[in-house]
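This briefing is meant to be read with the sequence and the 3D view side by side. Please take a moment to look at the whole picture before turning to the details.

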2 protein chains.
Amino acid sequence: MAGTYHHGDLRAHVLAAAAAEIARSGPDGVSLRALARDAGVSHGAPAHHFGDRRGLFTALAAEGFGLLADALATSVAAGDFARTAVDYVTFAVEHPGHYAVMFRADLIDPEDSELQRQEGRARDALRDGVATLPPERLAVPAEQARQAAWALVHGIASLHLDGALPRTDPADLARAAARQLFG
Amino acid sequence: MAGTYHHGDLRAHVLAAAAAEIARSGPDGVSLRALARDAGVSHGAPAHHFGDRRGLFTALAAEGFGLLADALATSVAAGDFARTAVDYVTFAVEHPGHYAVMFRADLIDPEDSELQRQEGRARDALRDGVATLPPERLAVPAEQARQAAWALVHGIASLHLDGALPRTDPADLARAAARQLFG
DNA sequence: TTCCAATCTAGACAGTGACTAGATTATGCC
DNA sequence: GGCATAATCTAGTCACTGTCTAGATTGGAA
């Protein structure tokens, strides 16, 4: 509301605006000062919530990993890996601003405890998803199969978000790729 | 040489220094002015060769796609897809500065003709590599198999470069992943 | 030699992230 | 209620950046 000294929920507002801006023009398109202007606060205000630019991206990545873990939970519990693969890619498509920073080691602080916690949740979900596969479907050790599955869905998500897969539905591709990978 | 007005080969020098800096601290760590200082030229000199920051990254990406196409050529000609997968990942490991910008739509100019030419070469190499696989190994249409193969090696390369696969040899993983994907 | 294009210098400008000191507001505690 | 204290925000400053100019220097072709 105009006239109030405090914004009310600046942290959440800035996080959402940052995600939208990243989705539009990438992490480099994000300016802390522009975010502050949009929120109607002074240029230094966001720093209190995130410390610095890296802190903002780290918070966004942590939120993203949490949302990803949530998105995978249902299909993992159901033991349906093909659907887990589709859900993974769908998450990236629906949260491009989050996904674009989640794996960018140069933009985030890997020591952040909240980031590690949420990243662990997402990683566990994917591990459990692969663990539901019948052993005879695996041509390689389970750990390598897990990493290959992760690389496959991450690759599809990344290529799609970078525009390298035009005229291709990423969810369809994820389904087909899961079948090719695990029969 | 000191004292000469012209650098001699500023373009190649800046490209190599930029690749090294990106490998060290990511694309955001690259400063045109710092590159100029290192090369011993004025801060505006690189602009003549690359136009702007985007032009520099575009030139680096084009060079990267060309090197990638070269790196894949031998194993593709031999019809050895597992080795093509390993060669792809090995290229990314050995040229992290190039690879980090090759798929970044927000950093490069997709209209650049040299970029399109080299990218086409790399894409054709990967397509030919998958085409050598016996049809009975494919559980899905060839186009989807090709995209899945690309996503798999790209995913391994990306995750490795972002530090998400510690204690894992990316070449070993590429070999195992190729076996899991195509039997 | 002369001319021209390629290359580089030097200066300026607006925008940025980060830091600081201090003002304002919210909150828990008496 | 009143008050101390932490949380939040403002405003100013700084060095640095990319980009844009106008002009100087150099190499090569005619």
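The model is predicted, and every value given here was computed from it. Chain A is built from 9 helices and 0 strands, and its C-alpha atoms fill a box of roughly 65 × 35 × 30 Å along the principal axes.

**Overall fold of chain A**

- Followed along the sequence, chain A shows the pattern α-α-α-α-α-α-α-α-α, and 43% of its 183 residues are buried.
- Among the contacts in chain A with a separation of 6 or more, 71% are between residues 24 or more positions apart.

**Two domains in chain A**

- The domain assignment divides chain A into domain 1, covering residues 1-50, and domain 2, covering residues 52-182, and the centres of these two domains, taken over C-alpha atoms, are separated by 27 Å.
- Where the two domains of chain A touch, 12 residues of domain 1 are in contact with 15 residues of domain 2.
- On the domain 1 side of this contact, α1 (10-25) and α3 (45-50) of chain A each supply at least two residues, and the largest share, 6 residues, comes from α1(A).
- Sorted by class, the residues on that side of domain 1 of chain A are 11 nonpolar, 1 polar and no charged.

**Helix α7 of chain A**

- Helix α7 of chain A runs over residues 113-131, and its 19 residues reach 27 Å from the first C-alpha to the last, which is close to the 27 Å expected at 1.5 Å a residue.
- Its buried residues are A:L115, A:Q118, A:E119, A:A122, A:A125, A:L126, A:G129 and A:V130.
- Seen down the axis of α7(A), these buried residues fall within an arc of 135°, so they line one face of the helix, whereas A:S113 and A:G120, on the other side, are exposed.
- The cover over the buried residues of α7(A) includes α4 (53-78), α5 (81-94) and α8 (142-161) of chain A.

**A closer look at A:P46**

- The residue A:P46 is found in helix α3 of chain A, and it counts as buried because 26 other C-beta atoms lie within 10 Å, where 20 or more are required.
- Leaving aside its neighbours within four places in sequence, A:P46 is in contact with A:V14, A:L32, A:L35, A:A36 and A:L56.
- One of these partners, A:L35, is 11 residues apart from A:P46 along the chain, and the C-alpha atoms of the two are separated by 8.2 Å.

**How chains A and B meet**

- A rotation of 180° with 0.0 Å of shift along its axis superposes chain B on chain A, with an RMSD of 0.0 Å, and the two copies are thus related as by a two-fold rotation axis.
- The contact between the chains takes 32 residues from chain B and 32 residues from chain A.
- On the side of chain B that touches chain A, the elements giving two or more residues are α8 (142-161) and α9 (170-182) of chain B, and α8(B) gives the most, with 11 residues.
- By class, this side of chain B has 16 nonpolar, 11 polar and 5 charged residues.
- Because 100% of the interface residues of chain B are also interface residues in chain A, the copies meet through the same surface.

Terms used
Residues numbered from 1 in each chain as written. Chains lettered and ligands numbered in written order. Predicted model: local features only at pLDDT ≥ 70, side-chain atom pairs only at ≥ 80, totals over all residues. Least-squares fit on C-alpha atoms with pLDDT ≥ 70 in both. Contact = placed C-beta atoms within 7 Å. Helix = DSSP H or I, 4+ residues; strand = E, 2+ residues; numbered from the N terminus. Expected span 1.5 Å × (residues − 1). Buried ≥ 20, exposed ≤ 12 C-beta atoms within 10 Å, placed from the backbone. Arc of directions from axis to C-beta. Domains from an automatic or database assignment. Nonpolar A, V, L, I, M, F, W, Y, C, P; charged D, E, K, R; others polar.
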